[in-house]
Amino acid sequence: MSVLIETSLGDLVIDLYTDLAPLTCKNFLKLCKIKYYNFTRIHRVEQNYIAQAGDPTGTGKGGQSIFGELGGAKYFSAEHPKLKHMRGTVAMAVSGLKAQGEEGGVCGSQFYFTLADGLETLDGRHTVFGQVVEGLEHLEAINTAICDVDGRPLRDILLRHTIILDDPFADPAGLMPPDHSPLLPPQEYLDGVRLEAGDTLEPVEVDEAEIRKREARTQALTLEMLGDLPYADVKPADNVLFVCKLNPATQSDDLRTIFARFGEILSCDVVCDRES
């Protein structure tokens, strides 16, 4: 289950641990679905530590859960899966904890990316719910951003757009996703964005073909990790037609008959998966 985040420094693809932190993943996915994070900024960067995001106020003190957005509780009880932090970990910030490893605390919308390995002090304190699997070079660009004394980048790093590549959760009652992504944030937000001299914030155009291409790439990476593909970029030869999800009753001869009308068939085989 994956989400693509388009930042002003490049794209990040995040795989989510939906089985280990289902409530946290559902909250994150549904906030992405209503475009809650669009044009928010990474409000704090601590080099070789974490980059914090997910607060629409940009102060590190705002934000609420999807349940709060729908009129319910502003925060939800934090989950504590036994997952470790490493470079590229994505975790939901947990407030209300007094000690490392303590159960409890609450989450809203704020999350962070880890920027280095060896961050065991974060384990057990916050809710790990994902991992950056593509775009680590862009994460490094975030890590090296020049910041002010409060950790805010001198040139704002924006989360321009979020694209849900896979969502296994049903929408909560009352959720009404927008018809399309906003092209620009409200003017009052633009007034507070830090840009370099001569820079402008251009409208974000969503290319559906590009989205499908990225979805296919992410799914291929997942199959590579599972061992179902030797490598993500593998593809059949130009004269090979690959068909998946056949009817269980379909046989090789059936396919040969179907495709023979388009030309000579050199070979035709049905390869069953492990569960067939």
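The structure is a predicted model, in which local features need pLDDT of at least 70 and side-chain atom pairs count only at pLDDT 80 or more, while totals for chains, interfaces and linings use all residues. Residues are numbered from 1 along each chain as its sequence is written, and side-chain values use heavy atoms, with hydrogens and water left out. The chain has six helices and 11 strands; helices (H or I, at least four residues) and strands (E, at least two) are DSSP runs, numbered from the N terminus.

**The chain as a whole**

- Of the 276 residues, 40% count as buried. Buried means under 20% relative accessible area, exposed means over 50%, and partly exposed lies in between (1.4 Å probe, protein chains only).
- The accessible surface of the chain comes to about 15600 Å², and 52% of this surface belongs to carbon and sulfur atoms. Accessible areas come from the Shrake-Rupley method with a 1.4 Å probe, and for residues only the protein chains shown count as cover.
- Among contacts in the chain with a separation of 6 or more, 70% are between residues 24 or more positions apart. A contact means heavy atoms within 4.5 Å.

**Nonpolar cores**

- In soluble globular proteins, nonpolar side chains tend to be buried together.
- The largest nonpolar core has 35 residues, and Phe28, Phe111, Phe113 and Phe129 have the most contacts inside it. Such a core is a set of buried Ala, Val, Leu, Ile, Met, Phe, Trp, Tyr and Cys residues joined through side-chain atoms within 4.5 Å.
- Elements that each supply at least two residues of this core include strand E1 (2-7), strand E2 (10-16), helix H1 (22-33), strand E9 (111-114) and helix H3 (136-143).
- Helix H1 gives the most to this core, with five residues.
- A second, separate core has seven residues, including Ile50, Ala91, Tyr112 and Leu119.

**Strand E1 and its partners**

- Six of the six residues of E1 are buried. Ser2, Leu4 and Glu6 are on one side of the strand, and Val3, Ile5 and Thr7 are on the other.
- E1 and E2 are antiparallel and pair over six bridges; two strands count as paired if DSSP finds at least two bridges between them.
- A hairpin of two residues joins E1 to E2, and Val3 stands opposite Ile14 in E2.
- E1 also pairs with strand E11 (residues 158-164), in the antiparallel sense and over five bridges. The bridge partner of Glu6 in E11 is His161.

**Thr162 in E11**

- Thr162 is in strand E11 and counts as buried, at 1% relative accessibility.
- A polar atom of the Thr162 side chain lies 3.3 Å from the backbone oxygen of Cys32. A polar contact is a pair of N or O atoms within 3.5 Å; within protein, one must be able to donate a hydrogen and the other to accept it, and residues adjacent in sequence count only if both atoms are side-chain atoms.
- Not counting residues up to four places away in sequence, Thr162 touches Leu4, Ile5, Cys32, Lys35, Tyr37 and Asn38.

- E5 and E9 run antiparallel and are joined by four bridges, with Ala53 opposite Phe111.
- E7 and E9 also run antiparallel, joined by three bridges, and here Ala91 stands opposite Tyr112.
- Gln110 lies in the loop between strand E8 (106-107) and E9, and counts as buried at 14% relative accessibility.
- The side chain of Gln110 reaches the backbone oxygen of Gly62 at 2.9 Å. Residues that Gln110 touches include His43, Asp55, Lys61 and Met92.

**Helix H3**

- Leu139, Ile142 and Asn143 are buried in H3. They are on the same side of H3 because they cover an arc of only 105° around the axis. The arc is that of the directions from the helix axis to the C-beta atoms.
- Among the elements that cover the buried residues of H3 are E2, strand E4 (44-46), E5, E9 and E10.

**An exposed loop residue**

- Pro248 is in the loop between helix H5 (208-226) and helix H6 (252-259). Pro248 is exposed, with a relative accessible area of 79%.
- The C-alpha atoms of Pro248 and Cys272 are separated by 9.3 Å, and the two residues are 24 residues apart along the chain.
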